[in-house]
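Work through the following exercises with the sequence and the three-dimensional view side by side. Try each task before you read its solution.

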There are 2 protein chains.
Amino acid sequence: MTTEIHGNPGKTPLYREVAAKIDRMIRQGSYLPGERLPSVRELSRRLQVGINTVSQAYAILEDSRVIETRPQSGHYVRNGHPKAESRSDASRTKPELTVNSVTLGRTHMEIIRSLKDERLIPLGLGSPSVDLLPVAKLNRMLAAQLRRSPSVCVSYAASNGLEPLRAQIAKRSLDYGCTLSPDQIVITSGCVEAVTLALQATCRPGDTVVVESPVYYTFLNSVQWMGLKVLEIPSSAQEGMNLDVLRYAIRQHPIHACLLISNFGNPVGGLMPDQKKRELVRLLSKHEIPLIEDDVYGDLGFGRARPPVFKAHDEKGLVLLCSSFSKTLAPGYRVGWIVPGRFQERVEGLKSLLNIATATPTQLAVAEFLAGGGYDRHLRAARRALQHRMTEVRKCVMRYFPSGTRCTRPEGGYLLWIELPEQADAFRLYEDALREEIGVAPGVLFSTSDSFKNCLRLNCSFWSDRIERAVRTLGRFAAAQTRS
Amino acid sequence: MTTEIHGNPGKTPLYREVAAKIDRMIRQGSYLPGERLPSVRELSRRLQVGINTVSQAYAILEDSRVIETRPQSGHYVRNGHPKAESRSDASRTKPELTVNSVTLGRTHMEIIRSLKDERLIPLGLGSPSVDLLPVAKLNRMLAAQLRRSPSVCVSYAASNGLEPLRAQIAKRSLDYGCTLSPDQIVITSGCVEAVTLALQATCRPGDTVVVESPVYYTFLNSVQWMGLKVLEIPSSAQEGMNLDVLRYAIRQHPIHACLLISNFGNPVGGLMPDQKKRELVRLLSKHEIPLIEDDVYGDLGFGRARPPVFKAHDEKGLVLLCSSFSKTLAPGYRVGWIVPGRFQERVEGLKSLLNIATATPTQLAVAEFLAGGGYDRHLRAARRALQHRMTEVRKCVMRYFPSGTRCTRPEGGYLLWIELPEQADAFRLYEDALREEIGVAPGVLFSTSDSFKNCLRLNCSFWSDRIERAVRTLGRFAAAQTRS
């Protein structure tokens with residue numbers, strides 16, 4: 001499975017074996033980030049090994065940044081250790097690259113539509129639970145704008161958006177590793193529109209776009225609609241898009257754009273190390289390939305620092321940074337934005353042709369919230385809640401799903417990617433679940449190939465006994481499949 | 001017109017036709033069981049028929065157990081029904097037509113951008129004066145929605161839009177000569193987005209679209225962006241698009257869609273007689289050519305009856321009716337809609353890909369305004385004011401412009417189309433005016449040819465001494481050109 005910790009079985013000293021066992025437990029989710037591990041004494045008893053052996057094992061794990069020791073308290077699983085995760089990645093999927101025209105069938109669209117059904121238990125949804133949004137405050141701020149600037153509210157905003165909103169976004173860009181000015185930003189009706197504009201500004205029908213695999217299904221739909229082709233590059237939760245494969249692909253095929261999610265991506269929730277982000281931007285820049293990045297989950301990391309965007313490494317204006325407030329404030333407000341770099345004039349023109357401008361009142365409200373609504377405080381609370389809920393759903397998955405199931409350990413966002421044992425069929429699971437009024441997003445949505453037939457995406461932003469029961473039901477269905 | 005209730009088309013008395021319309025609205029769910037129907041007086045006004053006719057129609061429906069009369073209260077829908085409908089009619093030819101790829105230069109875009117400058121006297125704008133909009137009331141209604149349905153406001157609307165809004169639009173469709181059901185309507189972020197979706201649903205790059213000449217410049221931009229070609233058909237204020245030329249064009253060229261403004265069009269403010277509308281729909285239908293109609297000015301007629309839409313004559317689902325509330329309620333709310341006919345599934349899919357859905361709060365506010373905000377009363381006042389201002393601006397043009405100047409006499413809307421003497425150059429006039437901080441839209445914007453070099457479009461929805469002085473200045477510039 002991995003590295004030093006496991007070593008060579010033949011000659012492994014006992015403490016390494018113990019360390020490997022603990023490590024495995026952590027990977028499997030038996031001990032979750034932040035959770036306390038058994039005391040040295042207890043483990044010594046349970047594993048029937050000496051106290052020194054256990055101490056040495058814990059020391060190795062600490063050195064490897066898998067666990068941490070808290071004085072007077074014990075040993076704890078570290079938050080977000082990259083190794084402490086399952087992988088659905090390039091090391092496994094041997095790349096065989098094909099450029100595909102996207103022709104998604106009716107089933108694909110029907111699955112997507114079905115998941116929006118409000119009667120379903122929302123494990124299949126793409127949007128976060130409303131209880132995590134600052135509903136009352138945001139609506140109050142919108143109401144205040146209506147009173148304060150009545151005529152402005154009913155009038156067209158500029159096509160590139162209201163200046164006060166662009167100014168607030170520019171201010172926050174320091175957190176992403178950028179130093180944007182308001183003039184570089186164009187407001188859109190959500191992030192999906194931003195991505196659509198970016199694709200339209202950079203590609204023409206027949207062009208090839210590189211995406212991650214698995215890939216957010218809306219990207220596949222957009223690409224299909226625009227008559228583009230895709231080339232899927234394997235992506236892992238730890239490392240993001242595999243750069244070696246990307247390099248190989250660029251040599252083999254003409255590539256016209258690269259489209260990916262920057263942080264805590266949909267569906268695998270991964271976080272590419274910043275050094276690799278820089279490398280990816282360099283690689284694409286060298287070949288003059290525009291990079292369209294969707295950073296809609298970037299504000300929802302569980303760690304202390306807000307992860308940077310690819311745009312932070314953009315020297316040539318080739319990165320088009322897209323985002324929105326749909327995951328953190330209000331999906332229904334439809335307020336997103338794009339920093340189109342050298343494609344700015346084209347994006348602004350397209351936006352004004354598409355729908356003239358984004359709605360004015362909701363732009364005003366978001367600007368006001370960013371300026372004085374405690375956005376950061378709100379984010380801290382939302383992240384804490386998300387991390388907690390993610391942990392709970394993961395625990396349930398570990399408890400109720402058949403052995404051999406692996407799942408990601410996202411360091412942000414609210415989407416969990418589950419890999420069932422090879423023989424399982426997630427589409428059948430989706431159908432079984434639907435009959436029980438449980439929504440889940442089956443792996444088939446996330447690729448033009450059938451590489452993820454045994455995978456599922458779960459939305460973990462909801463948490464209740466009902467969710468726990470639903471996960472248990474899913475586990476039961478999965479187990480039934482793997483037994484047969 | 002139709003069936004049992006409707007009888008034999010040839011001999012149908014008017015009250016039966018009216019009964020058939022109401023019956024259809026009820027079948028389609030525009031009026032639900034238990035819901036109150038419009039009063040006899042109101043329906044008489046909306047359908048432009050006598051009070052007796054409506055009373056007789058209601059009597060038939062009551063006899064058929066479709067509705068019931070509650071003393072002192074009005075007429076109400078009883079319970080469900082089956083059944084359907086149909087319709088039809090007439091024809092003439094010859095000129096020289098070219099199919100053009102649209103390649104609008106930088107100047108074109110710069111003119112359009114320049115006209116949005118808020119410092120200019122707004123004779124060049126496309127949107128109506130804010131003082132004609134029910135700003136305070138509409139904003140109050142939005143604020144009330146925020147209080148009443150806080151979670152709904154921040155959540156995604158369905159891709160096809162909120163049901164209460166679609167229901168209100170469906171109810172009003174009687175006024176346009178249609179009997180729409182809420183399910184046939186898709187909400188969009190304004191009418192321009194509706195038209196974009198309609199073009200995308202009906203055409204592929206390289207296809208040819210028939211438009212009026214002169215044509216609303218945004219249509220040319222959209223067509224260019226989508227890689228379509230245009231074929232301009234002469235259009236007059238009195239008669240709309242020339243059907244003989246259209247017939248000839250269809251014989252000469254493969255045509256993939258026809259795009260026009262239904263009523264009080266931009267720029268010539270014309271109104272095609274209903275008989276000709278029917279004829280045009282028939283002609284296109286015969287050749288299976290989709291008709292995209294933009295009816296955004298339809299509610300702003302100065303006459304007593306609201307003019308019907310082309311959709312009213314659509315038998316094959318080939319008409320895509322687009323409109324919005326940007327000219328009558330609030331451009332900044334970005335609430336429009338489309339009735340895509342047989343292209344509905346495709347339009348709904350495209351809308352959800354484009355930006356998932358239209359913003360929720362503004363949809364709720366418009367629905368509320370239509371349901372109980374006195375939209376009709378508001379429209380009556382707005383039309384009166386527009387007619388007055390239009391008359392004043394026309395008077396000024398007549399007084400101050402050089403002899404040989406001609407201008408349209410629109411029966412609705414607020415756009416005046418001025419034809420200067422042959423030798424005048426409206427682009428030079430635009431430039432002269434800009435230096436005096438006066439905006440005017442020069443004819444060059446409205447065609448791919450140079451047929452309208454000596455024409456201007458003026459927005460008459462603003463009226464003040466300042467406007468009068470501006471028109472006088474324009475007249476002076478025009479006179480100087482025609483003297484030289």
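The C-alpha centres of domain 1 of chain A and domain 2 of chain A lie 30 Å apart. This is a predicted model, in which local features need pLDDT of at least 70 and side-chain atom pairs count only at pLDDT 80 or more, while totals for chains, interfaces and linings use all residues. Residues are numbered from 1 along each chain as its sequence is written, chains are lettered from A and ligands numbered from 1 in the order in which they are written, and side-chain values use heavy atoms, with hydrogens and water left out.

**Exercise 1. The domains of chain A**

Task: state into which domains chain A is divided.

Solution. Begin with domain 1, which covers 9-77. Go on to domain 2, which is written as 110-129 + 377-483, and then to domain 3, which covers 132-375. These domain bounds come from an automatic or database domain assignment.

**Exercise 2. A strand and its partners**

Task: find the strands of chain A that pair with strand β5 (residues 208-213), and describe how covered β5(A) is.

Solution. Start with the terms: strands (E, at least two residues) and helices (H or I, at least four residues) are DSSP runs, numbered from the N terminus, and two strands pair if DSSP finds at least two bridges between them. Next, look at strand β6 (residues 229-236) of chain A, which pairs with β5(A) in the parallel sense over six bridges; here A:Glu212 stands opposite A:Ile233. Then turn to strand β8 (residues 257-261) of chain A, which runs parallel to β5(A) and is joined to it by three bridges, with A:Ala257 as the bridge partner of A:Val209. As for cover, six of the six residues of β5(A) are buried, where buried means under 20% relative accessible area, exposed over 50%, and partly exposed in between (1.4 Å probe, protein chains only).

Now follow the chain onward from β5(A): together with helix α9 (residues 217-225) and β6(A), this strand makes a right-handed β-α-β unit. Right-handed here means that, with the strands pointing away from the viewer, the path from the first strand over the helix to the second runs clockwise. In the loop between β5 and α9 of chain A sits A:Pro214, and the peptide bond that leads from A:Ser213 to A:Pro214 is cis, with omega near 5°.

**Exercise 3. A sheet and a helix in chain B**

Task: give the strand order of the open antiparallel sheet in chain B, and name the helix that packs on the sheet.

Solution. The four strands follow the order β12-β13-β15-β14, with antiparallel pairing. At the edges lie β12 (406-407) and β14 (441-442) of chain B, each of which pairs on one side only. Helix α14 (residues 375-400) of chain B packs on this sheet, where it touches β12, β13 and β15 (455-459), and its direction makes about 15° with that of β13(B). Contact means heavy atoms within 4.5 Å; axes are lines fitted to C-alpha atoms, for helices over the stretch in contact, and angles run from 0 to 180 degrees between N-to-C directions.

**Exercise 4. Where the chains meet**

Task: describe the contact between chain B and chain A, and give the area buried there.

Solution. Count the residues to begin with: 47 residues of chain B are in contact with 48 residues of chain A. The area buried between the two chains is about 3,900 Å², of which carbon and sulfur atoms give 66%. Finally, B:Val154, B:Trp225 and B:Leu353 supply 20% of the area that chain B buries against chain A, more than any other three residues. Buried area is the accessible area (1.4 Å probe) that two parts lose on being put together, summed over both.
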